[in-house]
Amino acid sequence: MPKQGKVAKASRQVRIKNGGGNVKRQGRLIDPDQLEGFLLVRYALTARRHINPSERESCQRFLQEVASRLTGGNVVMDQFSARLVGDLLPQLPWQFFMQVANNWPTLRQFLGRELPAVPLRDRLRVASLPTEAEFNELLVAKLARQIAALTLLNKASSADQREMLATAMQQTLYQNGQISWAQVRVLYAPLGYTVPENVDDGTRQWLLDLVKV
């Protein structure tokens, strides 16, 4: 796995690092490989102060994952977000997604404002950025499917049975337009979470702290 602050990248694993680099906002164009650093500088200067200090690292890591998948052009953010959550869910504890969801209004505003302003030659054009309710809905659908899959992992089950269980889980987890994180905690408790072996010390400590939230 990658170095300090990154959860590895095999099979599109979480690639996250501490700090935002030294890219400055300026008139010249930047290369796509500078997008991540540029976006993190903007995050540090703007959105970061609006986020609870205990949740800032998760939000920064989420933004790095967003940036690592972008090079320019059109981005349909509801589809993009669903794919991103699907990529990250097998690798991270549920608490990561809770912290991102807690701050989605701030992150949504940041992404909607900052992505189109990144001075790439092929400017990013953002469409269908999920509202808070829409982000919660896609999150809970992914969480419910993972819980169902892990619950039935060592049992003989069909795809229909897994889907039925996921639907039931989703109804339990999503109440009055909000995710019941207390119910998420209860359902994940017997499933556990194992920190990947090939992570650097900084990432390992972050994950260990995260599962205690």
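# Questions on a predicted model

The secondary structure of this predicted model comes to nine helices and four strands.

User: In what order do the elements of the protein run from the N terminus on?
Analyst: The protein has nine helices and four strands. From the N terminus on, the order is α-α-β-α-α-α-β-α-α-β-β-α-α.

User: What percentage of the contacts in the protein with a separation of 6 or more comes from residues 24 or more positions apart?
Analyst: The protein has 213 residues, and 47% of them are buried. Among contacts with a separation of 6 or more, the share from residues 24 or more positions apart is 67%.

User: Which elements are included in what covers the buried residues of H1?
Analyst: Helix H1 spans residues 35-45 and is mostly covered, with nine of its eleven residues buried. Among the buried ones are Leu35, Phe38, Leu39, Leu40 and Val41, and also Glu36 and Arg42. The cover over these buried residues includes helix H2 (56-68), helix H5 (104-114) and S2.

User: Which elements give two or more residues to the lining of the largest pocket?
Analyst: The volume of the largest pocket is about 370 Å³. It is lined by 17 residues, and those closest to its centre are Pro93, Tyr188, Leu191, Gly192 and Tyr193. Two or more lining residues come from each of helix H4 (94-102), helix H6 (132-151) and helix H8 (181-188).

User: How many nonpolar, polar and charged residues are in the lining of the largest pocket?
Analyst: The largest pocket has 17 lining residues, with Pro93 and Tyr188 among the closest to its centre. Sorted by class, the lining has twelve nonpolar, four polar and one charged residues.

User: Which residues of H7 and H8 make the contact?
Analyst: The axes of the two helices, H7 and H8, come within 8 Å. By class, their contact has four nonpolar, two polar and no charged residues. H7 gives Met169, Thr172 and Leu173, and H8 gives Gln183, Val184 and Leu187.

User: Which residues is glutamine 170 in contact with, leaving aside its neighbours within four places in sequence?
Analyst: Glutamine 170 lies in helix H7 and is partly exposed, at 29% relative accessibility. Its C-alpha atom is separated by 9.8 Å from that of alanine 148, 22 residues apart along the chain. Leaving aside neighbours within four places in sequence, glutamine 170 has contacts with Val140, Ala141 and Ala144.

User: What separates the C-alpha atoms of alanine 168 and alanine 144?
Analyst: Alanine 168 is in helix H7. At 37% relative accessibility it counts as partly exposed. Along the chain, alanine 168 and alanine 144 are 24 residues apart, and their C-alpha atoms are separated by 8.2 Å.

User: Is asparagine 136 buried or exposed?
Analyst: Asparagine 136 is found in helix H6. Leaving aside neighbours within four places in sequence, asparagine 136 is in contact with Ala101, Tyr174, Gly177, Gln178 and Ile179. Buried means under 20% relative accessible area. The relative accessible area of asparagine 136 is 4%, so asparagine 136 is buried.

User: What is the phi of serine 128?
Analyst: Most residues other than glycine have a negative phi. Serine 128 sits in the loop between strand S2 (124-127) and H6, where it counts as partly exposed at 43% relative accessibility. Although serine 128 is not a glycine, its phi is positive, at about 55 degrees.

User: Does asparagine 176 count as buried or exposed?
Analyst: Asparagine 176 is in the loop between strand S3 (174-175) and strand S4 (178-179). Its phi is near 55 degrees, a positive value in a residue other than glycine. Exposed means over 50% relative accessible area. Asparagine 176 has 83% relative accessibility and therefore counts as exposed.

Technical notes
Residues are numbered from 1 along each chain as its sequence is written. This is a predicted model: local features need pLDDT of at least 70, side-chain atom pairs count only at pLDDT 80 or more; totals for chains, interfaces and linings use all residues. Side-chain values use heavy atoms; hydrogens and water are left out. On a 1 Å grid over the protein atoms alone, a cavity is a set of points where a 1.4 Å probe fits but cannot get out, and a pocket is an open set with protein on both sides within 12 Å along at least five of seven lines; lining residues have an atom within 4 Å of a point. Grid points are joined across faces, edges and corners, and a volume is the space filled by probe spheres set on the points. Ala, Val, Leu, Ile, Met, Phe, Trp, Tyr, Cys and Pro count as nonpolar, Asp, Glu, Lys and Arg as charged, and the others, Gly among them, as polar. Buried means under 20% relative accessible area, exposed over 50%, partly exposed in between (1.4 Å probe, protein chains only). Axes are lines fitted to C-alpha atoms, for helices over the stretch in contact, and angles run from 0 to 180 degrees between N-to-C directions. Contact means heavy atoms within 4.5 Å.
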